[in-house]
Amino acid sequence: MSQVVRKTIPLVLTTFIGISLILTYFFDFGAAGVSYEKLLLNFAVTIGAASLGLGIVNLSRLHVIRLQRKAPGQWYYSLILLASMILMICVGLIYNIKSDAFSLMYDATVAPLGATMMSLFIVWIAPALYRSARIRNLGSALLIACLFIVVIGGSPLGPALLPFTTTISNWLNSIVNLASMRALKITTAIGLIVLSIRILTGKEKSYLRLGD
Amino acid sequence: MVSNKESYLKKHTTTIIIVVLYLFYVYPILFPFSPPIVIGEKAQSFYDLVESLPDEPTVLLTYDYGAVSYPYFQGFQEAFMKHIYRKDGNVILVAFGAAGPMMYKMMQKTFAPVWDQKTYGEDYVFLGFIPGGETGVASFMADIRQTIMIDFEGNPIDTLQIMENVNMATDFDLVVNCETSTTIGDGFVRQVASAYGVKLALVGPGGPTWEPYYPEQIQGNLYPLPGAPAEYEKLLGAPGNASSQIGLLFTGSLFYLVIIICGNVIPRIGKGSENGNTD
Amino acid sequence: MVTLIENIVSIVAIGFTVGCLTLPLGDNVYWKLCEHMFLGFAAGYTILIASQTLQANLFGKIGSGEILFFIPLILSIMLYSRFVKQASWLNRYPIALLVGVGTAISMRTIVDAMLLKQIRSTLINPFATGKAIVGNPATPINNIVVIIGVIAVTFYFVFWEMKWMKNPAIASVRSLGILVLMSGFGIYVANSLVMRVSRLGGRFFFMLAPENLLTTGFFALLGAISLYLSRKKEV
């Protein structure tokens, strides 16, 4: 009974929900079918909102443990992290997330920090390109050639320096890129369909931490 | 035998590259210049798509990006909304990304000169954040009122004039998704274009990956950023944030081309190099 | 007129921006502070936005009499059972619902959007006038390039087993597929580069605006000191 409740029922639930939603899309079950579909979608969206807190709880737990153990070289950073989180929550609760005051808090903290961190990627890519973007064979030569032409044609470099690259860049984007991406879409779709069938038939259980 | 200077350069290659990168970024800000903006095919076709909409269109515009992408999406979204207002249309804003509400708050300040002339709830409305990614999109497109009861400002949906005849995807004349990821764009194609046959335009760095959908499944695919939004701003005669970054885009792109050339040439020139594999 | 609070917001934002930009030059205390503060503030914001969404859409619906919405409420609580060892299996029920719904809604449109329409768009008569895949200009040459490219790349992914490599025809088509893929990858990286250039540019525009130069200089000095001290500590 315990195994049925812990393992079998969740698998059956996934299969039932998945197949029923596919059937409601392709067949007309009247108003009941439409209501059922909308209700399930709503439930999923609501649970999705609740799941946003999962990572935060895990993060908090980790840093509270570090703080309790006074992990050398780390505990003060954990204290700063938890203090920042509590400060943000307090401001949000006192002033409300829709208020201008909270917006200013966001503009001062999350916005510049997040924006700069995400833009650091382009800084790291510079030395990576220096080391790895080297012509070794025909494939890498084509890669670098296309990269050059599209960067020149797709940026203000093209119109200013080499106007003909804009036309070639458009052709590469619209034709060569289309060919490779279309094939990727087709093969990805086949892979996703196979994965979906595995999930709906209960063969794929890793998402429930059950193993095959 | 390698000299001290050469070994110093080899040891600090990364630092030197990064410092030069920062200088390439600083130059156009301290000495601004504006290279010409040439209208590309993608910007022109997006402009034509909006022009082809019926009068008084109702469009959905999404915030699926965060602060890092705000500079170029903000310019595009403001230009797009001005274009829609020229046709006496309405804009319904919604966020499928968690940072969306804050992007809307930022836009309230920068777009104030236009929105002060408009009425919230009649000419535009922000419905708030809908979590769940593709599931959220599917739920929203199937039934808006079942998905959200109140807008971001706390008004019940049913009290908003703009939402009177709008409850699902087919009530929109055009859906424009602005996002920084590459995955939810495919979700929009599946849940909007494929499921309901509604006109859809995608704006974001995933442009190359959405090319197979264009023009049969999606009618607009605006990339590369921020060049294409800058071209769109020029078409409208409304230069904004995207246009102001063109000088920096010039030097920034030039830097990466120079780096790739150096990466291929310098190791080959260097003594003891073998197939360009030294570092 | 810029108020005092907006000035403080600018100063704090510049401080954080400069702190993050010191990381590529070396790990240091200034960067670590910024990193942990970002995690904290972002976590706080996520909790607020999640609770606001739940308040509006879950508790609002329960409050207006929709009893069925007790189900997602209970499932949402069960989601957090993963932190209690004895009850962690309860977590499987909300995940089963999420995965079931997500799988179904994507699968029911993937076949049309990503498979049938793509194949239909590829297998056309390349010489038929007025019918183009897309292109600028739309010519039979473009159509032929796309058809051959799509087939070659598909061959590359489908015929991946070693036994197929011995067939010279398949091997050569796969080689063509690799070349098309590499070109497509180069195009994707190029578009991505151009986009990301402007991301960092936005930060530099903000820091080097005339009214912010002094503040940027001050924090840059702090960053330099932090980098020097951390390098001294390493040595």
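User: The radius of gyration is taken over C-alpha atoms, and the globule rule is 2.2 Å times the number of residues to the power 0.38. What is the radius of gyration of chain C?

Analyst: This is a predicted model, in which local features need pLDDT of at least 70, side-chain atom pairs count only at pLDDT 80 or more, and totals for chains, interfaces and linings use all residues. Residues are numbered from 1 along each chain as its sequence is written, with chains lettered from A and ligands numbered from 1 in the order in which they are written. For 235 residues, a compact globule would come near 18 Å, but chain C has 28 Å.

User: How many residues of chain A are in contact with chain C?

Analyst: Contact means that C-beta atoms, placed from the backbone, lie within 7 Å. On the chain C side, 98 residues take part; on the chain A side, the number is 93.

User: Which helix gives the most to the side of chain A that touches chain C?

Analyst: Helices are DSSP runs (H or I, at least four residues), numbered from the N terminus. Those that each supply at least two residues to this side include H1 (2–26), H2 (30–69) and H9 (164–200) of chain A. With 24 residues, the one that gives the most is H9(A).

Notes. Two residues are in contact if their C-beta atoms, placed from the backbone, lie within 7 Å.
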